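Dear colleague,

I am handing over the structure we spoke about, together with notes on what was found in it. Please have the model open while you read.

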Amino acid sequence: MSVRTRFAPSPTGRLHLGNVRTAIFNWLFARHHDGAFVLRIEDTDLERNVEGAEEGLLEDLRWLGLDWDEGPDIGGPHGPYRQSERGELHRAHARQLWISGRAYPCFCSEEEATGEDRRYPGTCRAIDPGEAQRRVDADEAHVLRLRTPDAGEVEVLDQVRGPITFPASDIDDFVIIRSDGRTTYNFGVVVDDLLMRISHVIRGAGHLSNTPKQQLIWEALDAAPPAFAHLPDVLSPDGGKLSKRSGAAAVADLRAEGALPEAVVNYLSLLGWSHPEEREVLTVDELVAAVDLDRVGASDTAFDPEKMRWVGQQHMSALDDGAYLASALPVLSEAGLEVDRARWVAETLRNRLATFGEIRPQLTYLTISDDARRAAFRAGIVEEGLAVNAETILLEAHRRVEGVDPWQPSAVKDMLRETGQSAEVRGRELYVPLRLAWTGEAHGPDLATLVASLGRAEAARRLRDTLNY
RNA sequence: GCCCCCAUCGUCUAGUGGCCUAGGAUAUCGCGUUCUCAGCGCGAAGACCGGGGUUCGAGUCCCCGUGGGGGUACCA
């Protein structure tokens with residue numbers, strides 16, 4: 001039997017990190033087994049559907065490189081792939097259940113349908129089938145409920161946790177078709193998974209509690225349920241529910257920050273799963289080769305922005321030069337650097353970046369005002385306790401700027417060394433005052449490169465300006 | 001309330017009864033290296049939730065408690 005997995009999000013907003021992790025795992029698992037990855041949109045709750053959310057979902061998935069074999073945009077043999085368009089399919093299966101006596105119409109109002117224990121008491125179970133049919137034909141408002149066992153156990157086989165049993169008596173005759181004819185979530189999921197021939201339902205652990213109901217539906221439909229695997233839920237760094245403000249909680253944010261999609265896939269795949277050799281920096285291909293349900297954990301995990309940043313740095317370093325430059329250079333030239341200088345800066349910035357969005361803040365030295373730079377210099381040398389030799393150092397450096405030849409990082413570097421020699425200072429004592437004078441920052445990327453990127457004239461001018469305040 | 005799941009360093013995790021005086025990664029701190037920062041190298045500190053069992057032996061199995069998560073919808 002071929003492996004077919006699916007990702008079934010609701011178009012209710014941005015794609016959340018927790019959901020993405022589910023999508024990633026389903027995709028990796030399908031690819032690992034040369035199976036199919038199906039995208040299905042669960043939009044049966046018209047109230048909560050958000051305009052444009054579906055397209056956003058697809059974009060996020062595409063950006064991550066998670067391609068699907070069947071989906072709402074490309075169709076496929078088991079379509080349609082938007083749940084709202086599958087109403088007839090849902091109703092047809094529900095009708096089957098009604099005919100076979102596994103489901104029955106219920107005419108209760110909401111109040112009537114709520115028992116003392118908040119569960120449906122089964123009032124309409126006993127209505128004679130003929131009478132029920134007549135009332136339905138007479139257009140009396142009704143829903144369809146599944147006839148569930150009153151006693152015994154419902155067993156669910158979870159690939160991660162093993163068999164789990166639920167008391168059947170806890171499950172009431174729940175609604176499968178609403179009074180307006182639309183399916184409810186649990187019924188729609190089962191009918192669609194059945195019709196789409198899904199072999200492995202891999203989803204968040206939050207769905208574990210729904211599974212016994214779905215199990216009952218599979219049984220009522222006389223169909224063999226797929227393999228269920230519930231992935232641990234992804235919590236926010238503080239351990240609570242994942243929220244918008246816990247780092248970046250949406251894929252769209254990550255993309256806007258210029259994160260590397262392969263790094264996001266890598267980091268997220270490590271939440272609740274570990275590589276057999278405990279390797280942590282992995283390419284997508286390596287992930288596809290290594291995914292395995294057996295190595296999925298059972299306990300919830302916290303999203304850690306710090307570690308994701310580290311994974312991002314690793315991927316940034318591993319990126320080939322062409323790809324790196326293709327993304328980095330535009331940011332640098334937009335900041336006003338011409339090609340050669342942009343290359344210098346790009347190279348020196350690289351090992352400190354986790355995302356391309358981090359380039360921008362490193363470039364403030366280019367546009368800092370003289371006032372701000374001077375103020376930072378004055379405050380900085382005092383704060384760092386380096387005021388004593390500062391003027392001498394600046395003078396020595398200024399004297400040498402003209403002689404730097406050619407004007408590029410390596411020559412500037414030599415010039416800095418010579419400056420240190422004649423001023424008889426070295427290390428931070430030499431670098432911090434100069435860096436402050438040139439950039440307004442006490443620390444930062446390779447100074448020689450930054451100075452070179454300023455250009456000879458501006459480099460000299462900034463020193464003069466600082467000396468003359 | 002009732003039902004289900006989970007529980008190893010701050011975080012992600014390895015660990016499937018003896019290999020654990022619990023390993024790795026990240027974050028933190030220290031030292032070194034490259035003229036500073038970043039990086040890199042080395043090192044330090046840091047955990048089996050609590051209590052009962054079972055066993056010659058428990059992080060690993062069972063029970064209870066506690067804590068966290070989920071469900072209990074004509075939401076998904």
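**What was found**

Arg374 counts as partly exposed because it has 19 C-beta neighbours inside 10 Å, where buried means 20 or more other C-beta atoms within 10 Å of a residue's own, exposed means 12 or fewer, and partly exposed lies in between, with C-beta atoms placed from the backbone. This residue, Arg374, is found in helix H14, residues 370-383; helices (H or I, at least four residues) and strands (E, at least two) are DSSP runs numbered from the N terminus. Between Arg374 and Val404 there are 30 residues in sequence and 24 Å in space, C-alpha to C-alpha.

Before going further, please note that this is a predicted model, in which local features need pLDDT of at least 70 and side-chain atom pairs count only at pLDDT 80 or more, while totals for chains, interfaces and linings use all residues. Residues are numbered from 1 along each chain as its sequence is written, and chains are lettered from A and ligands numbered from 1 in the order in which they are written.

RNA strand B is surrounded by 64 residues, the closest being Ser10, Glu42, Tyr185, Ser209 and Ser299; a residue is near a strand if its C-beta atom, placed from the backbone, lies within 6 Å of it. The elements that give two or more residues to this surface include strand E6 (162-167), helix H10 (305-318), helix H16 (409-423) and helix H17 (428-439), and H17 gives the most, with 5 residues.

Helix H16 has 15 residues and reaches 21 Å from its first C-alpha to its last, close to the 21 Å expected at 1.5 Å a residue, the expected span being 1.5 Å times one less than the number of residues. Within H16, Pro409, Val412, Met415, Leu416, Thr419 and Ala423 are buried. They lie on the same side of H16, because they cover an arc of only 115° around the axis, taken from the directions from the helix axis to the C-beta atoms. On the other side of H16, Arg417 and Gln421 are exposed. The buried residues of H16 pack against helix H12 (339-349), helix H15 (387-401), H17 and H18. Just after H16, Glu424 takes a positive phi of about 60°.

Finally, leaving aside neighbours within four places in sequence, Ile24 is in contact with Leu66, Val265, Leu268 and Ser269, contact meaning that the C-beta atoms, placed from the backbone, lie within 7 Å.

With best wishes

Conventions. Two residues are in contact if their C-beta atoms, placed from the backbone, lie within 7 Å.
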